[in-house]
Amino acid sequence: MNQDTPVSPPERALTRNSVGNWFALWTRSRHEQVVREQLEQKRIETFLPTVTRWSRWKDRKKKIDWPLFPGYCFARFD
């Protein structure tokens, strides 16, 4: 693997000696970011891939980061 090639966290875990395995955690829909924040407060390494999309209401539009895999958050622990 080339040093200049960007690598996502789960792949990075395979390239270096680290403690714990990556797990997909099933969460309540639209609560992925809350779960990620709670895990990070407990010092658990997390990964939540997001994609930016436009959300539209009657009076406005706004760019929002939506989870790439709705209902799932990834974490590494023993």
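Predicted model: local features only at pLDDT ≥ 70, side-chain atom pairs only at ≥ 80, totals over all residues.
Residues are numbered from 1 along each chain as its sequence is written, and side-chain values use heavy atoms, with hydrogens and water left out.

**The three-strand sheet**
- β1, β5 and β2 make an open antiparallel sheet in the order β1-β5-β2 (strands are DSSP runs of E, at least two residues, and helices are runs of H or I, at least four, numbered from the N terminus; two strands pair if DSSP finds at least two bridges between them).
- At the edges sit β1 (21-26) and β2, each pairing on one side only.
- From one strand to the next, the twist averages 30° (axes are lines fitted to C-alpha atoms, for helices over the stretch in contact, and angles run from 0 to 180 degrees between N-to-C directions).
- Helix α2 (residues 32-41) packs on this sheet and touches β1, β2 and β5, its direction making about 15° with that of β5 (contact means heavy atoms within 4.5 Å).

**The hairpin**
- β3 (residues 50-56) and β4 (residues 61-67) pair antiparallel over seven bridges, with a four-residue hairpin joining them.
- Valine 51 sits opposite tryptophan 66 in β4.

**The salt bridge**
- Glutamate 45 bridges to arginine 76, with the closest N and O atoms 2.4 Å apart (the rule: a side-chain nitrogen of Lys or Arg within 4 Å of a carboxyl oxygen of Asp or Glu).
- This pair ties β2 (residues 45-47) to β5 (residues 72-77), and the two residues are 31 residues apart.
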